Amino acid sequence: MIESLFETLVTGGGYWNPIVFIIAFGIVDVITLIIYRAGEGDYTSELGGKPFLSGNPEISKENSHIAGGNLYWGLVEGLDEFYTVMKKMHTGIINDYIIWYLVVLVIVLFIFMGV
Amino acid sequence: MILNLPFIAVAVLLLIGFYGLLFKDNLIKITMSVVIIEGAVNLFLVSLGYVEGAVPPVYTMAPFEEPMAFAVPQALVITAIVIGIAVTTLMLALSVRIYQTYGTLDTKEVRRLRG
Amino acid sequence: MIEFIQKLPLIAILLPLIAGLATILIGKYSEKIRNIWVSSILGITLLVIVAILFEVIRNGLITYTLGAPQTTPEAWDVPVRIILEVDAMGAFIALGIGLTTFLASLYSWRFFDEDRLGMNTYYALLMITAAGGAGFAYTGDLFNLFVFLEITSISAAGLVAFWSKKGTPYEASFKFLVISAVSAMMFLMGVGFIYGQYNALNIGMVAERMMETGFGTLDQLALGLFVASLAMKAGAVPMHMWIPDAYGETPAPISMVMVTISQLSLYGLFRVSFSLYGFNLDGVALGWIIVILGLLTMFIGVMMAIIQKTIKRLMAYHAISQTGYMLLGVGVGLVALMSGDAGSIPIYGQQAMEGGIFHILNHAIYKGLLFLTAGAVIYKTNVRSLDDLGSLAREMPFTTVAFVVGAAAIAGLPPFNGFASKIIIYQSAYILNPFLTAVAMLVSVLTLASFVKVFQSVFLGPKKEEIEGIGEVPPSMKAAMFGLASLTILFGLFPDLVVETIVVPAAEALIDQQGYIGGIL
């Protein structure tokens, strides 16, 4: 039974063994730690400079938190036409939910009965 | 049965029920349409059990010559009717609550959850 | 002793049902005794479900006829009465609902602390839902499937409308009820078509008679009705719009239970396609329909999830997207079954089905964990929108760690359990058509993107004054989250053990139609 804890999972085209993954992860961590220890020891965070906000002045630390709705502005603006269509489809009216059900039912019946 | 009349009635009732679900705005009319669809499906199940010239499937003092109608669909329909009562009661209770909190029963207004 | 194990499926259905009705009586005397009663009964049900699972894996099918000692009477050859037929797939699916109702009852001890009104009815409905779910998974009869589907949906609709401050849960519950009533009625119409032709309601009996007489037009009509109705209850796009409403407005433990209820409808779809129709589906495009539904569901679910602004609605859209993975996995298996020789299946088809079925269990675990952490955040701060939260990691470290585990699992990062099932789906779907794997990987990346968004805006950030000193959640809620997080990590570290023991028998039982028929005849 103990061997079956460490066996590899056979997927459709390959193998996956999480224990080997964790051991490899640990080895890479150890190497990273050795390189980290070989650096300078007297670094504090004021030496790094202020954050860059596209040239705008930083008001205060508490006001610089980006709210959740604004976080992916670039993605949503870029896919604007797609999202307009999507938002118009998701109306929230119960009649539209049943219309979609009937559309899928008719399409599935046409595919099966071959008319 | 003459001209398969029960099955034509099932089709007409289904059309009326789905028309009400798709195009009517009031929540009470949507509840009524669901009840009509339930009635159509129950009628379909009962009329499946009919045999030409049948007597009701009662064992006591049953006549010998005539065939008996099938008893299983009648049991299925009793269960389905009771389930329909539970669904209708819950939908009407929710309509009362929606009217108390939203102030309207129009499906185009009862759509605060959208997007 | 052997006969007692054969009677266990009935106990798993009746015990929560009767105890749930007794809960209202006990609740009038004392609250603490009622809480302990509910959690222990649901815990015993979970143990019974696990015992049935291991018994079925070791010894094959269990059949239990309600009211008679054997399935067919002595003089005839026809099975009579309602028969519960438990194969490995049914026992596997019941595991999900047993686990989530037990953890929901633990979590609800302290979740409703604001106004504890009507908690007796809440616990009674929760136990009736558990009984209905177990019945759905164990039954072998088409009309019984309809009855248990309706029992589960009506109790869940009552639970959705349970806790309402501004009226939106009533609207969500009304929509859920209309959807489930229409789909159940159309399912019953399909059952009527099948009964009218074959004069039998037992799934194995109908499959046997359909193999003798062939696959006619009425069977195609019934199959179309079954597929559309069960796919709507499971949440396939484009009929998915009720899911964000219903999952987003319920209390958090009930969202976790509703995830497993939708997975039960998915199980119903697989049972109808594999065990009822199975062989007769030669050349019919059902497998490709399920694959295309799966692709659409994955993609549209995650694209709509990125723009949401409320935590629970965002997680509900992700639940839709992950359902697409399960449809894709089993759909690839169905296509492989139809294209191989009679009775055998190419190896990639069985691997894809194992991936899809393993994903069902993994999804119940990590999606439940995510909903419970969202519930913990809402319990402490009373704020639901993502725009107003921030920097909760300073005050609630346990919830933060649980959220990170859940988010890493849903995004498919190794070594958690999401990655194990996703890699099986990726690699077996690649052999059928590489486009499927490309879409699946893109969806995985977008899932990670939207959970990074939630993590940054809810847990990270500079300190806000409104959340000073709110502290951590109570221990009963922490226990439920800890149980799910440890299952996530354990299933991720030892995936082969879980797949070989539980998932492979379920996939084989689904493919093996003759074994299912032989269980009752």
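This is a predicted model: local features need pLDDT of at least 70, side-chain atom pairs count only at pLDDT 80 or more; totals for chains, interfaces and linings use all residues.
Chain C is built from 20 helices and two strands. Its radius of gyration is 22 Å, close to the 24 Å that the globule rule gives for 521 residues, so chain C is as compact as a globular protein of that length. Viewed along the principal axes, its C-alpha atoms fill a box of roughly 75 × 60 × 40 Å. Of the 521 residues, 63% are buried.

The pLDDT of chain C averages 90, and 98% of its residues score at least 70. For the model, ipTM is 0.95 and pTM is 0.93.

**Chain A against chain C**

Now display chains A and C together. Here 39 residues of chain A are in contact with 52 residues of chain C. On the chain A side, two or more residues each come from helices H1 (2-5), H2 (18-37), H3 (73-78), H4 (80-89) and H5 (94-113). Select H5(A) in particular: this helix provides the largest share of that side, 12 residues. The side of chain A that touches chain C comprises 25 nonpolar, 11 polar and three charged residues.

**Chain C against chain B**

Next, bring up chain B. In this interface, 27 residues of chain C are in contact with 24 residues of chain B. Helices H6 (142-160), H7 (168-198) and H10 (242-249) of chain C each supply at least two residues of the chain C side. H7(C) gives the most, with 16 residues. By class, this side of chain C has 16 nonpolar, six polar and five charged residues.

**Loops of chain C**

Move to the loop between H7 and helix H8 (203-213) of chain C and select C:Asn199. Although not a glycine, C:Asn199 has a positive phi of about 55°. C:Asn199 is partly exposed, with 15 other C-beta atoms within 10 Å.

Continue to C:Pro238, in the loop between helix H9 (217-234) and H10 of chain C. The peptide bond from C:Val237 to C:Pro238 is cis, with omega near 5°.

C:Ser391 is found in the loop between helix H14 (347-381) and H15 of chain C. This residue has a positive phi of about 55° without being a glycine. C:Ser391 is partly exposed, with 17 other C-beta atoms within 10 Å.

Finish at C:Pro415, in the loop between helix H15 (397-411) and helix H16 (417-432) of chain C. The bond to inspect there runs from C:Pro414 to C:Pro415 and is cis, with omega near -5°.

Terms used: Residues are numbered from 1 along each chain as its sequence is written. Chains are lettered from A and ligands numbered from 1 in the order in which they are written. Two residues are in contact if their C-beta atoms, placed from the backbone, lie within 7 Å. Helices (H or I, at least four residues) and strands (E, at least two) are DSSP runs, numbered from the N terminus. Ala, Val, Leu, Ile, Met, Phe, Trp, Tyr, Cys and Pro count as nonpolar, Asp, Glu, Lys and Arg as charged, and the others, Gly among them, as polar. The radius of gyration is taken over C-alpha atoms; the globule rule is 2.2 Å times the number of residues to the power 0.38. A residue is buried if 20 or more other C-beta atoms lie within 10 Å of its own, exposed if 12 or fewer, and partly exposed in between; C-beta atoms are placed from the backbone. pLDDT is the predictor's confidence in each residue, from 0 to 100.
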